[in-house]
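Please examine the sequence and the structure shown below before reading on.

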Amino acid sequence: MPARRRSRRWPAIGRFIFLGLFVAFVLAPLYWMFVTSIKPSDDYLANPPVWFPAEPTTVHYTAALFAYRGLQGLINSLIVSSAATVLSVLIGTAMAYSLARFNTGGRHLSFWVLSQRFLPPIAVVLPIFLIYRGVGLHDTRLGLVIAYTVFTLPVSVWMMLAYFRSMPRSMEDAALVDGCTQWQAFWQVAVPLAAPGIAAAAVFAFIACWTEFFFALVLTSRTAFTLPTVFRAFLGFQGAQYGEASALAIVSLAPSIALGVLAQRHLVRGLTLGAIRG
Amino acid sequence: MADVKISGLHKRFGPFHAVQGIDLEIADGEFTVLVGPSGCGKSTLLRTIAGLEQASEGTIMIGGEVVNDVRPRDRDVAMVFQDYALYPHLTVERNIGFGLRARKMPADEIGRRVRRVAGMLGITPLLGRYPRQLSGGQRQRVAIGRAIVREPQIFLFDEPLSNLDAQLRDEMRGEIKRLHQDIATTMIYVTHDQIEAMTLADRIVLMRDGRIEQMGTPAELFERPASRFVAGFLGSPRMSFLPGSVVRRDGGIGILVDGSDMPLPLPAGRIPESVPAGARVLLGLRPEHVGRARDGALQSGFVRIDATIELVQPTGSRTFATFRLGEAPALAELQAHDVSRAGEVIALEINLNRASIFDEDTERAL
């Protein structure tokens, strides 16, 4: 209903202009990044600007991926982010379920979990660095996976907690009476119904890991380094490597976009529709 | 099939005392309705029987076995929920078979049972659909099918019809009654709807504030309510309560309703001898106890009064008319042609044989 009323108030033309401007606002930087990644170096800062290079080149891509070891960073990032996301969502879902359904830890535990996010990362990065060096986790993917899991967990828990709290309890009750154990009710009923929430939490966790810079910078060096840390190399004393930076940025965007498209289908599926009255 | 025996049951949620000492025996095959206003503890009691809530105190026995520490899945009960609680990610067929699958029954046996139950409930064409593709009534049928396919010892219903529209509710109510006749399994049914309670129950347990206010057959509760609360809860339109005092004169006994100058004579023995003259009481009159006066001699226990009709509510077959007896308003159930408009003065006949009388302070029946 509100959408209808709005459409009557806003003539179609006005809406198209607004949306057009918005799309341009979002896409213009992306476009500029893309053309920069295929421009010869001389065209970066040319005046007037070069809207599309006369001779597109892929040289920046090969340089960023191989000379600057962007490919290694990409592989590390994929492994670390995926593993941390899976762990964070898995543990977060189980924790949130326990908080939502069994009131684990009373009223305060759930808030305590979220409050872990209030801590500035810089406060803990040095102790973690020292511990990691001591136990041999420094510059390992495992070390980064553990750190990322811990740091994305509060948000995963809170997203899933909100989701479980909004989910009617009666389906799990029905499963328990029907013959499920508590564990089966969780896996066979609650988790499938929470799939849209899990997808959303996974997207959040993955993007947080994918773009994380600070921990990666401190906790890795020559082996387990992730994609964001590679970008440091493009800002050297001899000037910025705009082409290489843009090329690697384009590469690093791909998984986020793919994930967004994949998860979007889950997010809009509206699984709980029809479960209850309506 | 099994009986249920509950003794000294309490359930607390933190400081909130939801169920406050329930003693209840439900015979094998009996249809018991737990009824009461919202928040009276009836759903909590049902969920405690199902094992979805843990009793704080007291014992629950099903089929002679104490089940306080038995998991819901091992109590062999089936439950139908108010919001149906169908699994939205499963088809109707898998919804109905879910409990059997969880119990590792062989697939061909599951298929056979699901088809038989679907046939019983007339939902065979829906087996391949998902819950979101069903109407409210169809969903309710699937929920019932999911319960009966397991052939449990006890059925629990938690307000199963309250989300349906009036017509469908009448229809499903009939089906549940027929189901009980067919399978004769113990059923415990929670509702806040007194009509459901009256029509379905072998026995009604009327609850209030976590306690049992009265239990008995529907007729017992309706005709001999133990308290003003019970009398007011059952029956629609509800009973009128007229405050007054007891008068004793010439060996007879009557009630002088406040604001009236004529005592209403009660049948002998209607009030215990111990109640003194002047005692404050509430006279409870159901609309059907007050009708248009007919010609001829007055039957014993009936009184005639002339009343000014203040409000007329026709329902088609009958008309409910508000009149004043003394100071208090009361309702009469009349034939449609007995009264045409407010302001009319007509002769009414009150059947005091069936009137209820309550102590004004304690509100318990005398």
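How many residues of domain 1 of chain A are in contact with residues of domain 2 of chain A? The model is a predicted one, in which local features need pLDDT of at least 70 and side-chain atom pairs count only at pLDDT 80 or more, while totals for chains, interfaces and linings use all residues. Residues are numbered from 1 along each chain as its sequence is written, and chains are lettered from A and ligands numbered from 1 in the order in which they are written.

In chain A, domain 1 covers 2-57 and domain 2 covers 63-267; such bounds come from an automatic or database domain assignment. On the side of domain 1, 7 residues are in contact with 6 residues of domain 2, where contact means that C-beta atoms, placed from the backbone, lie within 7 Å. The centres of these two domains, taken over C-alpha atoms, are 31 Å apart.

Chain A and chain B also meet: 22 residues from chain A and 25 residues from chain B take part in the contact. The largest share of chain A's side, 7 residues, comes from α8(A), a helix being a DSSP run (H or I, at least four residues) numbered from the N terminus.

Note on methods: Two residues are in contact if their C-beta atoms, placed from the backbone, lie within 7 Å. Helices (H or I, at least four residues) and strands (E, at least two) are DSSP runs, numbered from the N terminus.
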